[in-house]
Amino acid sequence: MFSAARAPARSLKRSGLETQQAHWGVIFALPAILGFLIFTLGPMLASLVLSFTDYKPISTEINFVGLQNYLTLFKGDDFFFYKSLRVTIYYVILSVPLAIVVSFLMAMVLNKNIVAKGFFRSVFYLPTMVPIVATAMIWTWLLDPDMGLLNETLRMVGLPTSKWIYAENTAVPSFAIINLWTSGGTMIIFLAGLQGVPRTLYEAIDVDGGNAWHKFLHITVPMMTPTIFYNTVMGFISGFQIFTQTYIMTQGGPNNATLFYCYYIYRTGFNNQYMGLASAIAWVLFVIILVITLLLFKSSNSWVYYAGGED
Amino acid sequence: MKKKLRIGRIFLYVMLIIGALICLMPLYWLIRSALMDMSQIFQRNPIVWIPKPFVWTNFGDALSELPFNLYFTNSAIITFACLVGVVVSSSFCAFAFSRLKWRGRNFWFVCIMSSMMLPYAVTMIPTFIGWQKLGLYGTYYPLIVPAFFGGGAFNIFLLRQFYMTLPKELDEAAIVDGASYPRIWAQIVLPLSHSALIVVGLFAFLNTWNDFLAPLIYCSNDKQYTVALGLQLFKGMYNARWEYLMAASAVAFLPCLIAFALGQKYFIEGIALTGVKG
C-alpha cells in the first residue's frame, strides 16, 4: 500500500530527470554534432558536388561537367591516377602487415616477465613522438646513399648497399621501414590487449600438456583477434593517408614511385589548382577506404573472437 | 628444462635490445649529427660516433638562419588554442555521450565515430574553399576553430570510455542535492577525470605541434609558418647542411620529448584504453 502510493511520485521525478537529460544531452553534444555537420558531412557532400565540376579557384567560371572527371581518371587520361593507386596499395600491403607482425611480436616479448619493462616500453614508443617533419629529415639523412648511416653500416659488414628512397624499386619499402619505426602506438595497444588475456586459459593448456606454441596458437591469437582487427583497420586507414613523408623526402619521385594518393590529391588540387578533379580523386579514395573497411568488418565475423559475445 | 628456459630468456633480451637499438639509433644519429661541424659530418670509414669537438653553436646558427623564434611562437599560439579547444570541447561532448540519455544519442555517436575513418584528404578541398570564401584564408582560424567543435572523434571516444567507468550514483546524488547537469560536469566529472584529460591534452598538443598538412594549406606567407613548415623551408634552402638540419629537427622535437617525459605514464595508459574496447 505504502509503496504503491510512492511509485507514481517516483516515476514523476524520474520523468522530470529524463526531460532534463534529454535537454542537456543535446546541448552538451551540440559542438560535436555541429562539428560533424560542418567539418565532415558538409565538406563530404560538397566534395561530391565539386567532383562533377571543373572548379578552379583562379577562374570565376564553374561548369558542371557530369562524369567527366571520373572518366578522365578511370580511362587513364590522367596517367598519374593508376600509378598513384598502385603505389599506395603497394605501400599499404607492405607496411601494414609488417607493422602488425613486428609490433605484435615485440608486445609479446614485453608481456613476459622481464626487467626494465617500463624502460623498453618507453623506448619503443619514443619514435612516435618525433614530429613527422623531423622524422622525414632524420631518415633522409640515415638513408642517404653516399653518406647515410645505413649504407655505411652495410658497407662495413660487406653487404650490398641500396639507393633507398632514390631508386624506384626500393622507395616504397623504405617508407614501410620508416613506418615500422613509428609504430610504437600499435605495439602499446597490443600489449594492453595481451595483458587482458586471462591467465587461467594458459593454465588450462598446461594441464592438458600443451607447449608454448599451443598457447600462442590456441589462446593468444584467438583472444587477440579483436585487437588485431582494430590495429589492422586503423593501419589501413592511416596507410592510405601517408603524405608528409613523401612531400618532404621524395616529392612523389623517383619517377612517381612514391606518388602516394594523398600527395596526388594535394598536387592536383593545390599545386595544379584542379579542385574539381582533385575532389573526384578524393571521392575515389573515400569509396576505396569505405569498401576495405566494410570488407574487413564483414570478414571479421569469421575470424574475430569476442569473449562473452557482448559486441 | 631449466637450461631451455634460460636460453629462451636470453633470446628475449637479445630481441629487446636489438629493438631498442633500432628505435634509439636514429635519435642518437640526430643528436650526433647536430653537434658536428661540416667537415666531420662527411667523414666516413670508420664511422664517427662521437662528435669532436661538440659544436654547440650549430643550434644557434641553424635557428638564426630563419626566423625560427617566430615559428616557435606561431606554433605555440596555434597549439595552445587547439589544446584548450580540444580538451574543453571533447570533455563536454563526451559527457553527453556517456552520462546523459537523450534521443538520437546512439545515432550521433555512430556518425561522429565514423568520421574517424574518413581521410582528411576527402574533406580538405571543400573545407579550404569554405574558409577562403569566408575570407579567412591566411589566418589561423582554419587551424584552430575546428578544435572547438567536438575536439575530434578519437578524443570523445577516449573520454567517453573513461566517463563510463565513473559510478552513476555520483550524478544521482548530486541531482538529489539540487545540482544541474552543467554543474555535475564541471564539479564532479571534470575533477575526477583529470588523468584522462591529461592524455587528451597531450595528444592534442602533439597532433597540433606536429601537424604539417593543415598549416601547409592555410598559411599564405612565411611569417605565419609553424615550426614544421619552417623546417621544410629550411631543408629546401640548406640541402646538404645536415648538421643544421639535424640541429633544427632536434629543437623541433624537444617540446614533444618534454611532453612525453612529463606525461608518459598517462600516455601509455591512454593509448591502451583506446585499443582495449575498440
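## Overall dimensions

Chain A has a radius of gyration of 26 Å, whereas a compact globule of 311 residues would have one near 19 Å. Along the principal axes, the C-alpha atoms of chain A fill a box of roughly 85 × 65 × 35 Å. The model described here is predicted.

The C-alpha trace of chain B spans about 75 × 70 × 35 Å along its principal axes.

## Confidence in chain A

The pLDDT of chain A averages 86, and 94% of the residues score at least 70. Where pLDDT is low, predicted coordinates should not be read in detail.

## Secondary structure

Chain A consists of 13 helices and 0 strands. Chain B has 14 helices and, again, 0 strands.

Helix α13 of chain B, residues 227–237, has 8 of its 11 residues buried, so it is largely enclosed by the rest of the structure. The buried residues of α13(B) are B:Val227, B:Ala228, B:Leu229, B:Gly230, B:Leu231, B:Gln232, B:Phe234 and B:Lys235.

## Burial and contacts within each chain

In chain A, 38% of the 311 residues count as buried. Of the contacts in chain A between residues at least 6 apart in sequence, 68% join residues at least 24 apart.

In chain B, buried residues make up 43% of the 278 residues. Contacts between residues 24 or more positions apart account for 79% of those in chain B with a separation of 6 or more.

## Where the chains meet

The contact between the two chains involves 78 residues of chain A and 72 residues of chain B. On the chain A side, helix α1 (residues 2–50) gives the most, with 24 residues. By class, the side of chain A that touches chain B is made up of 58 nonpolar, 16 polar and 4 charged residues.

## The largest nonpolar core

The largest nonpolar core holds 148 residues. The members that touch the most others are A:Val133, A:Phe260, A:Ile281, B:Cys93, B:Phe95 and B:Val200. Helix α4 of chain B, residues 68–99, gives the most to this core, with 13 residues. The core also draws at least three residues from each of domain 1 (2–34) and domain 2 (59–276) of chain B.

Leaving aside neighbours within four places in sequence, A:Phe260 is in contact with A:Ser84, A:Val87, A:Thr88, A:Tyr91, A:Ile242, A:Phe243 and A:Thr246.

## The domains of chain B

The domain assignment of chain B gives domain 1, residues 2–34, and domain 2, residues 59–276. The C-alpha centres of domain 1 and domain 2 of chain B lie 33 Å apart.

Contact between these domains involves 4 residues of domain 1 of chain B and 6 residues of domain 2 of chain B. On the domain 1 side, the residues that touch domain 2 of chain B are 3 nonpolar, 1 polar and no charged.

Definitions and conventions:
Residues are numbered from 1 along each chain as its sequence is written. Chains are lettered from A and ligands numbered from 1 in the order in which they are written. This is a predicted model: local features need pLDDT of at least 70, side-chain atom pairs count only at pLDDT 80 or more; totals for chains, interfaces and linings use all residues. Domain bounds come from an automatic or database domain assignment. Two residues are in contact if their C-beta atoms, placed from the backbone, lie within 7 Å. Ala, Val, Leu, Ile, Met, Phe, Trp, Tyr, Cys and Pro count as nonpolar, Asp, Glu, Lys and Arg as charged, and the others, Gly among them, as polar. pLDDT is the predictor's confidence in each residue, from 0 to 100. Helices (H or I, at least four residues) and strands (E, at least two) are DSSP runs, numbered from the N terminus. The radius of gyration is taken over C-alpha atoms; the globule rule is 2.2 Å times the number of residues to the power 0.38. A residue is buried if 20 or more other C-beta atoms lie within 10 Å of its own, exposed if 12 or fewer, and partly exposed in between; C-beta atoms are placed from the backbone. A nonpolar core is a set of buried Ala, Val, Leu, Ile, Met, Phe, Trp, Tyr and Cys residues joined through C-beta atoms within 7 Å.
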